Amino acid sequence: MKIKTMLTTAAAALGLATAAMAEDPTKVGFIYVGPVGDYGWSYEHNEGRLAIEEEFGDAVETTFVESVPEGADAERVLTQMALSGHDLIFTTSFGFMDATMNVASKFPNVRFEHATGYKRADNVSTYSARFYEGRAVIGHIAGHMTETNKVGYIASYPIPEVIRGINAAYLHAKKVNPDVEFNVVWVYTWFDPAKEADAATALIEQGADVIMQHTDSTAPMTIAEEKGIVAFGQASDMGNFGPNAQLTAIIDNWAPYYIDRVRAVKDGTWESADTWDGIAPGMVELAPISDRVPADVKAEAEAMAAAIAAGEYHPFTGPINRQDGTPWLAEGEVADDGTLAGMDFYIEGLTGEIPN
Amino acid sequence: MDLSAINPIVLFASLMVASTPILLAALGELVVEKTGVLNLGVEGMMITGAICGFAVAIETGSPALGFLGGALGGAVLSLIFAFLTQVLLSNQVATGLALTLFGLGLSALIGQGYIGQRPPSSGDLVLGLDLMVFLGIGLVALIWWALRATRLGLILRAVGENHDAAHALGYKVVRIRIAAIAFGGACAGLGGAYLSLIRVPQWTEGMTAGAGWIALALVVFASWKPWRVLLGAYLFGGITVLQLNLQAAGVKIPVEYLSMSRYLITILVLVLISVDRTRATLNAPAMLGRKFHASS
């Protein structure tokens, strides 16, 4: 009832609809930074959307807009969504943060959920997954698998989420292989298959024999397959694009969270919150580990994932120094979420600088 | 920093590969603009070429037929533009933009069944490069020669410089322009097919990611001269590749400078080109973007 009244007031205030609207199904909108068919990041968010439809059937109506550029365009699309009677809107990229906050302040009765950001309001929640837990596991595998001791890392933007991933992967690769080097290339895009392919080629030509990516397309995986080296899938299982190349993939599973949040809106229990789930609740999953990985390494990797899920092991457990050699975590100390969420430094051993 | 990790020959080869899609598309657009037509639908034609080429290559197992299919796909799409602007006399800018949107949607539709597939390998490498790279350079020479030294080139240019005069001389302005538009579409399609068959080897929606717009900018950058298009394409493609390679080698130059370098060089070159103002304007086809109807 509460939602009905709120909705009606909102609609009336906008002069858009009548009370009849309150009878309508809950309207849930999504904006994606890439196309649904990227088979990476946006693809998984869309899978979450489809899961909502399956769960609630006719009681919900979902819409999405794909390939929305981060910036002013996002604000326009969000305003349009808010005006067209959406109850809940998921904005699924870090760069939509300010657009989400701006539009949310204009539409206090529409709920927003922003992925991977840190700004919240009464009607804006944030949610993210602890991808770094998965990164720790693939870092472990990469450290064992590299023969040239060079791991190529295709990074998108220098934001905490990406930096955290680099640190987690490097830390665990280094633990099993002290000689390992990470070559990080910043491509400044989430989705540009040609550029991602070029970056992968450049890394391979310079001796990398393991490729990790933090971009959304499957192009790096295709190049790895083509050049006969190995790589890790990002956001989705990319095995189709690299049947021989993919060692495993970090899979984002948003469906349970999305279903929970839609249910909360329907029940009237939705509140602004900050969710950050990892392997344990299943928000981060690992694709089956390829047979190219030796059995003992595979067992170790699986054990590590299990220990993380059980809460017995934290990927950032001291002693860890920062890149400049100053201590960050003491022996046995575990990183707190605040530092992790705002991580803007490399750990000791990584070369290169983080762009500003 | 380990510059020795960069092999200059390998670097130049990947530079050529990175430049070929925009080179092909820009060459096509150059011919179109030389006849006085502004087709802003390059991005749409490229992506349509990318999926048509990919689909044909998968179905037939032949990359060569794939490229042909890509060219055909781009050309067929461009004929929609030709019909609307040359026969129905619609606004070229608006129609071109619409063509891009249409091409993006159409390609996503055609591509539904082809996601996750791998194209047949193009195999034949000469000096570590595929034949299309050389075809691109050959096309530059051909277009340069044709525009400069042949009767065909003269007719194309006449139509672009003064369509009324060309019409008065008995040339079929509309037909010539339609043919040029189809040629431009085929080139853009070829560029798109190169992306999906060789450079990325896969089909992904929206995979051109703005390459068509760079091709459009290249034509102006090159002041409608084929060899400058080649230079511009290598500059654009080359800087991206060089930038990624320098990063991979761990060169301690802030990434921001590397990323902005291509824009800086673009500005620099544009300034140098436009120093001689009269020459620069002389190069632009006088009838660019203007409508033509025999009655006027």
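**Group meeting: cavities, a pocket and the A–B interface**

Okay, let's start inside chain A: the largest cavity is lined by A:Val33, A:Trp41, A:Ser93, A:Phe94, A:Thr116, A:Glu161, A:Trp190, A:His214 and A:Asp216. Before I go on, this is a predicted model, where local features need pLDDT of at least 70, side-chain atom pairs count only at pLDDT 80 or more, and totals for chains, interfaces and linings use all residues. Residues are numbered from 1 along each chain as its sequence is written, chains are lettered from A and ligands numbered from 1 in the order in which they are written, and side-chain values use heavy atoms, with hydrogens and water left out.

Back to that cavity. On a 1 Å grid over the protein atoms alone, a cavity is a set of points where a 1.4 Å probe fits but cannot get out, while a pocket is an open set with protein on both sides within 12 Å along at least five of seven lines; lining residues have an atom within 4 Å of a point. Points are joined across faces, edges and corners, and a volume is the space filled by probe spheres set on them. The largest cavity holds about 60 Å³, and the count is two cavities of 30 Å³ or more. Its lining splits into four nonpolar, three polar and two charged residues. For the classes, Ala, Val, Leu, Ile, Met, Phe, Trp, Tyr, Cys and Pro are nonpolar, Asp, Glu, Lys and Arg are charged, and the others, Gly among them, are polar.

Next, the largest pocket, with about 1400 Å³ of space. Of its 46 lining residues, A:Phe191, A:Asp192, B:Thr208, B:Ala209 and B:Gly210 lie nearest the centre. Which helix gives the largest share of that lining? That's H4(B), with six residues. (Helices are DSSP runs of H or I with at least four residues, strands are E runs with at least two, and numbering goes from the N terminus.) By class, the pocket lining has 24 nonpolar, 13 polar and nine charged residues.

Now the interface. Here 31 residues of chain B are in contact, meaning heavy atoms within 4.5 Å, with 36 residues of chain A. The two chains bury about 2700 Å² between them, 56% of it on carbon and sulfur atoms; buried area is the accessible area (1.4 Å probe) that two parts lose on being put together, summed over both. B:Arg118, B:Leu244 and B:Ala248 supply 21% of the area chain B buries against chain A, more than any other three residues.

How many salt bridges cross the interface of chain B and chain A? The rule, a side-chain nitrogen of Lys or Arg within 4 Å of a carboxyl oxygen of Asp or Glu, finds one. A:Asp198 pairs with B:Arg199, the closest N and O atoms being 2.4 Å apart.

Over all chains there are ten salt bridges. One of them joins A:Glu55 and A:Arg263 at 2.7 Å, N to O. A:Glu55 sits in helix H2 (residues 41-56) of chain A and A:Arg263 in helix H9 (residues 255-267) of chain A, so the pair ties together parts 208 residues apart in sequence.

Most residues other than glycine have a negative phi, and most peptide bonds are trans. A:Tyr39, though, has a positive phi, near 55°, and lies in the loop between strand E1 (26-31) and H2 of chain A. The bond from A:Gly318 to A:Pro319 is cis, with omega near 5°. A:Pro319 is in the loop between helix H10 (295-309) and strand E13 (320-321) of chain A.
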